[in-house]
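The questions below are intended for a reader who is meeting this structure for the first time.

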Amino acid sequence: MNKDKIFGISTRYIELLVVLIGFITLFSGLIQLVKPTFILGFVGKTGSSPEAAHFFAIVGMFMALFGGMVLHAVYSSVSNRQIILWSAIQKFGAFIAVAIGVFKGLFSALALGVALFDLFSGIVFLLYLKILRSDKDEL
């Protein structure tokens, strides 16, 4: 197996994608935490209630935490495969939850873009996990 490529994709490119996804998740989570009604205005079907805005802000907090955690894991001197695994699971869960919200009419079709980004992110995280595992096997 060529250790510089996973499924024909450069391992460095995958790592850079993980970093980019981490920054996007951190930044968008912070915006959602601070301005939940602003974000709900883009992805929601109707105006947001104070309760919906509050819970959306809580989701934003966890997004920011997961984004920061992924960045920390990538730049840590110790391999953090567990963090990448759980972050992938979180991304797949977010994909499912947002997609269900769209199909139930809670979110606009625009939110499907968010769901697809989460699905893509989960796949990238699993590819990165494969890189981390192959690095461990070489030790």
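Q: Leaving aside neighbours within four places in sequence, with which residues is Tyr128 in contact?
A: The model is a predicted one. Tyr128 is among the residues that touch the most other members of the largest nonpolar core, along with Ile14, Val18, Ile84 and Phe125. Setting aside neighbours within four places in sequence, the contacts of Tyr128 are Ile14, Glu15, Val18, Val74 and Ile84.

Q: Which element gives the largest share of the largest nonpolar core?
A: This core has 19 residues. The elements that give it two or more residues are α1 (11-34), α3, α4 (81-103) and α5. The largest share, 7 residues, comes from α5.

Q: Is Asp118 buried or exposed?
A: Asp118 lies in helix α5 (residues 111-137). Beyond its neighbours within four places in sequence, Asp118 is in contact with Lys91, Ala94 and Phe95. Buried means under 20% relative accessible area; the value for Asp118 is 8%, so this residue is buried.

Q: How far apart are the end C-alpha atoms of helix α3?
A: Helix α3 covers residues 50-75, which is 26 residues. At 1.5 Å a residue, α3 should span 38 Å. The computed separation of its end C-alpha atoms agrees, at 38 Å.

Q: Is α2 roughly parallel or roughly perpendicular to α3?
A: Helix α2 (residues 36-43) packs against α3 with the axes 9 Å apart and at an angle of about 100°. Angles of 65 to 115 degrees count as roughly perpendicular. Therefore α2 and α3 are roughly perpendicular.

Key
Residues numbered from 1 in each chain as written. Predicted model: local features only at pLDDT ≥ 70, side-chain atom pairs only at ≥ 80, totals over all residues. Heavy atoms only, no water. Helix = DSSP H or I, 4+ residues; strand = E, 2+ residues; numbered from the N terminus. Expected span 1.5 Å × (residues − 1). Buried < 20%, exposed > 50% of the residue type's maximum accessible area, 1.4 Å probe, protein only. Contact = heavy atoms within 4.5 Å. Axes fitted to C-alpha atoms, helices over the stretch in contact; angles between N-to-C directions. Parallel < 35°, antiparallel > 145°, perpendicular 65-115°, else oblique. Core = buried A, V, L, I, M, F, W, Y, C linked by side-chain atoms within 4.5 Å.
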